[in-house]
Amino acid sequence: MNKARVESFSDGVFAFAITLLVLGIPIPDIKSADDQLLTPALLGALPHLVPYVTSFATIGIIWLNHHSMVHEVEKVKHTTLTLNLLLLLVVAFIPYPTGVIGRYGALRSAVVLYGATFTAAGLAFTALWLDIRRTRLSRDHKNEACIRSTTVRNLIGTVIYPAATALAFIAPKTSLGIFFGLAAFYFVPWPPTAQERETMNH
């Protein structure tokens, strides 16, 4: 398949999933159009923004990394397509557990579902990346330092997401904090390797 079709379809799924997230934030239901009723109702809805922002950031980070990864791919094989669809399957599902968290808060079952979804997303992304690396589909397959750095960065979430999900059985609020912290961590650019700095200087 033409790589451009893969990128276009993937971008559409990412955009759709991000758009669906906002639907999980409920509009306050008040008896009448009164500021004295609406103001506290709006303030009460603020906790819903935490899972919304976390999920938005997570999907956004996956999209950014997916774009960078696929951009370097020269050709697309069947296995790569299958793993890419698996990743999109999980990404499209993220709005559902986000909505559950938004409605019921940090209940154990809700946070476990939320964490399990992020765990699946991390595993799917890592599997896609390792397939691209294994089959040497990327133009950067010779830049071993860059590949190792990217692999380590991917594995951090792959390890921490399931650990935080397991923690949700005991301390669901702490797990939510870890998920938020991971989203913030991945927003910080990874320091370039010496080889990357040398390439940028030239």
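1. Lining of the second largest cavity. By class, this lining holds 7 nonpolar, 2 polar and no charged residues. Ala, Val, Leu, Ile, Met, Phe, Trp, Tyr, Cys and Pro count as nonpolar, Asp, Glu, Lys and Arg as charged, and the others, Gly among them, as polar. The residues are Val6, Val70, Val73, Val76, Thr80, Leu81, Asn84, Leu128 and Ile132. Helix α4 (78-93) gives the most, with 3 residues. Both α4 and α6 supply at least two residues. The volume of this cavity is about 60 Å³.

2. Basis of the model. This is a predicted model, in which local features need pLDDT of at least 70, side-chain atom pairs count only at pLDDT 80 or more, and totals for chains, interfaces and linings use all residues. Residues are numbered from 1 along each chain as its sequence is written, and side-chain values use heavy atoms, with hydrogens and water left out.

3. Overall build. The protein has 9 helices and 0 strands. Along the sequence the pattern reads α-α-α-α-α-α-α-α-α. Helices (H or I, at least four residues) and strands (E, at least two) are DSSP runs, numbered from the N terminus. Of the 202 residues, 40% count as buried. Buried means under 20% relative accessible area, exposed over 50%, and partly exposed in between (1.4 Å probe, protein chains only).

4. The largest cavity. The structure holds 3 cavities of 30 Å³ or more. The largest has a volume of about 200 Å³. On a 1 Å grid over the protein atoms alone, a cavity is a set of points where a 1.4 Å probe fits but cannot get out; a pocket is an open set with protein on both sides within 12 Å along at least five of seven lines; lining residues have an atom within 4 Å of a point. Grid points are joined across faces, edges and corners, and a volume is the space filled by probe spheres set on the points. The largest cavity has 17 lining residues, of which Ile62, Gly122, Phe125, Tyr161 and Tyr186 lie nearest its centre. Helices α3, α6 (108-134), α7 (144-167) and α8 each supply at least two residues of this lining. It divides into 9 nonpolar, 7 polar and 1 charged.

5. The second largest pocket. About 150 Å³ of space lies here. The lining is Leu20, Leu23, Gly24, Pro26, Gly99, Val100, Gly102 and Arg103. Helix α5 (residues 95-104) makes the largest share, 4 residues. The classes are 4 nonpolar, 3 polar and 1 charged.

6. Arg103. This residue lies in helix α5. Is Arg103 buried or exposed? Arg103 counts as exposed because its relative accessibility is 65%. Arg103 and Pro26 are 77 residues apart in sequence, yet 8.0 Å apart in space, C-alpha to C-alpha.

7. A nonpolar surface patch. Leu43, Leu46, Leu49, Val50, Val53 and Phe180 make a patch of about 510 Å². Patches are made of residues with over 30% relative accessible area and no salt bridge; like charges are joined within 9 Å, nonpolar side chains (Val, Leu, Ile, Met, Phe, Trp, Tyr) within 5 Å. A salt bridge is a side-chain nitrogen of Lys or Arg within 4 Å of a carboxyl oxygen of Asp or Glu. Areas come from the Shrake-Rupley method with a 1.4 Å probe; for residues, only the protein chains shown count as cover. Helix α3 (residues 49-71) gives the most to the patch, with 3 residues. Phe180 is found in helix α8 (residues 172-187). Phe180 is partly exposed, at a relative accessible area of 40%.
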